[in-house]
2 protein chains.
Amino acid sequence: MTFSVTILGSSSAIPTPTRFPSAHVLNVHERLFLVDCAEGTQMQLRRFHIRMNRINHIFITHLHGDHVLGLFGLISTFNLLGRKQPLHLFAPKELESVLNFNVGVFTDKLSFPVIFHPVDPNMSQLVFEDRHVSVTSLPLRHKVPTVGYLFKETPSLPNIRKDCIQQYSLGLADIVKIKNGADYIAPDGKIIPNAELTFHARLPRSFAYCSDTLYSERLVGLIRGVDLLYHEATFLDADVDLARQTGHSTALQAATAAVGAHVGKLVIGHFSSRYKNISQHLQEARNIFPETYAAEDGQVYAIPEKFG
Amino acid sequence: MTFSVTILGSSSAIPTPTRFPSAHVLNVHERLFLVDCAEGTQMQLRRFHIRMNRINHIFITHLHGDHVLGLFGLISTFNLLGRKQPLHLFAPKELESVLNFNVGVFTDKLSFPVIFHPVDPNMSQLVFEDRHVSVTSLPLRHKVPTVGYLFKETPSLPNIRKDCIQQYSLGLADIVKIKNGADYIAPDGKIIPNAELTFHARLPRSFAYCSDTLYSERLVGLIRGVDLLYHEATFLDADVDLARQTGHSTALQAATAAVGAHVGKLVIGHFSSRYKNISQHLQEARNIFPETYAAEDGQVYAIPEKFG
């Protein structure tokens, strides 16, 4: 059961010869969730042979071009390909009128519905849930209303303890009920609590996407214990004043968030084009959080299944 | 003295793993003219190490996303780089309000002026001229108002025949006047016509850009004798009905235009993603116009200097 993130774009606003601006694909059990959709997203999807028609949900953080300007071309391509299934779009409310204007200009009548879900950037709340994944918004601190997203694998149904199956001679109907949370009532009327009968074999995996943002204590509290944290690191700590002025983080601040939130792995990205390479970003972050990786376009970060 | 065209995008509306949508750079004496500006144009400029700050003029053919959706990101990047010099934009008038809307949404206050020049898609007229190049619009036949562009190198000043310099003992002041078109009046009052004193060593080179369009006899008349013709060839002749329905040309039709206009070289492009490769396009066109080449992203077509 796949749970992985593919980096489509790792630059900040100005692309470089090897880095496109922000876009990321989360694969949860072969269903794809696009997170940000900068200019060139559809080309990166093609280049990395990612099947566009598996994308039914797009999550946009904020209305800056380097996070959203690929959306109109992608929707146009979906339309030219005769897409039928609905496309769900989650973003701060400001995007809706801009989307409608550009879709009106750049596409013929759409062959599929685009369903816009406004996300309040000031609070953390559940914005999407199905039987594979839940998505919770994360308030970020940027120059415009900006929201990150926390993806959590939906817990699988628990396993029944083998010894209990024998001990209570559980039948299939009992097992289904117990897996769905019921206690077991024995023939003699004794109630065996669900917790005594079950255990969770597979633990839900999680991914938090935090770009663009200043360092935020509140955010650290909301992403505690995630398996994979993508945190922007536009600048080096030597340029912390510039980071503050522009509403961005340094590599040190990204790593500080990772340490504070006790995450499993940190991926830094959204690098300013002012830096020729990002070896210093990596060193700065690894000094305090060794499990840091620097995003490169095309990389895949897979979280293996976890067993409890 | 360079006169070359770099292909930035050779696909039609749907990009492929190796082809971006339409954008082209004409280099005239190291001054760059961008022709169409699809999504990803700024990334291709970076990738092919083309200096963005040499672009002062952008020519857009029509308001379809696969010819224009890179414009807002490029303008944003120019702004982030602190550009000061004016940017001249030539396009059918419909683009202006769309441009203003998106520049308003996706950039802070611009650090440079964008000067919009509406181009009438129904007639052929001079739309730009400086001492290096002139640009004439070409009415195209597509589903929306669409205009091609004919770029002609501005003729250099003529050379003075060496034998005349000796025969008439011409001084520097005389030579400057004659190069600029004056006849020579000898001390004895005899008038020597300018044509007898001068010759054009270097002939002006030309490039015509024709995308998107149906085959057009009128167009053939307007591009007669160009050195390099870019003509779209979205489809194969087997799909000529589809070409007609969608306002596009086949490879055969592109080559027919090249034959009719007696051009030097034909580059076909804007290939539909339905074709796995474009060898058949090339064969179909070369059957009637052998000097045909199939555009690939990153290719440079240079026209060598021509001497009369």
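This is a predicted model: local features need pLDDT of at least 70, side-chain atom pairs count only at pLDDT 80 or more; totals for chains, interfaces and linings use all residues.
Residues are numbered from 1 along each chain as its sequence is written, and chains are lettered from A, with ligands numbered from 1, in the order in which they are written.

On confidence, chain A averages a pLDDT of 96, with 100% of the residues scoring at least 70, and the predictor gives the complex an ipTM of 0.91 and a pTM of 0.92.

Let me start with the symmetry. Chain A is superposed on chain B by a rotation of 180° with 0.0 Å of shift along its axis, at an RMSD of 0.1 Å, and the two copies are thus related as by a two-fold rotation axis. In chain A, the C-alpha nearest that axis belongs to A:Gly40, at 2.6 Å from it.

Now the interface, where two residues are in contact if their C-beta atoms, placed from the backbone, lie within 7 Å. By that criterion 25 residues of chain A are in contact with 25 residues of chain B. On the side of chain A that touches chain B, at least two residues each come from helix H1 (41-47), helix H3 (71-80) and helix H4 (95-106), and H3(A) gives the most, with 5 residues; helices here are DSSP runs of H or I with at least four residues, strands are runs of E with at least two, and both are numbered from the N terminus. Because 100% of the interface residues of chain A are also interface residues in chain B, the copies meet through the same surface.

Finally, turning to chain B, there is an open sheet of 7 strands in the order S6-S5-S4-S3-S2-S1-S19, with mixed pairing, where two strands pair if DSSP finds at least two bridges between them. Its edge strands, each pairing on one side only, are strand S6 (114-118) and strand S19 (300-302) of chain B. Strand S5 (residues 87-91) of chain B runs parallel to S6(B) and is joined to it by 5 bridges, and the bridge partner of B:Ala91 in S6(B) is B:Pro118.

Notes: Copies are superposed by least squares on the C-alpha atoms of residues with pLDDT of at least 70 in both. pLDDT is the predictor's confidence in each residue, from 0 to 100.
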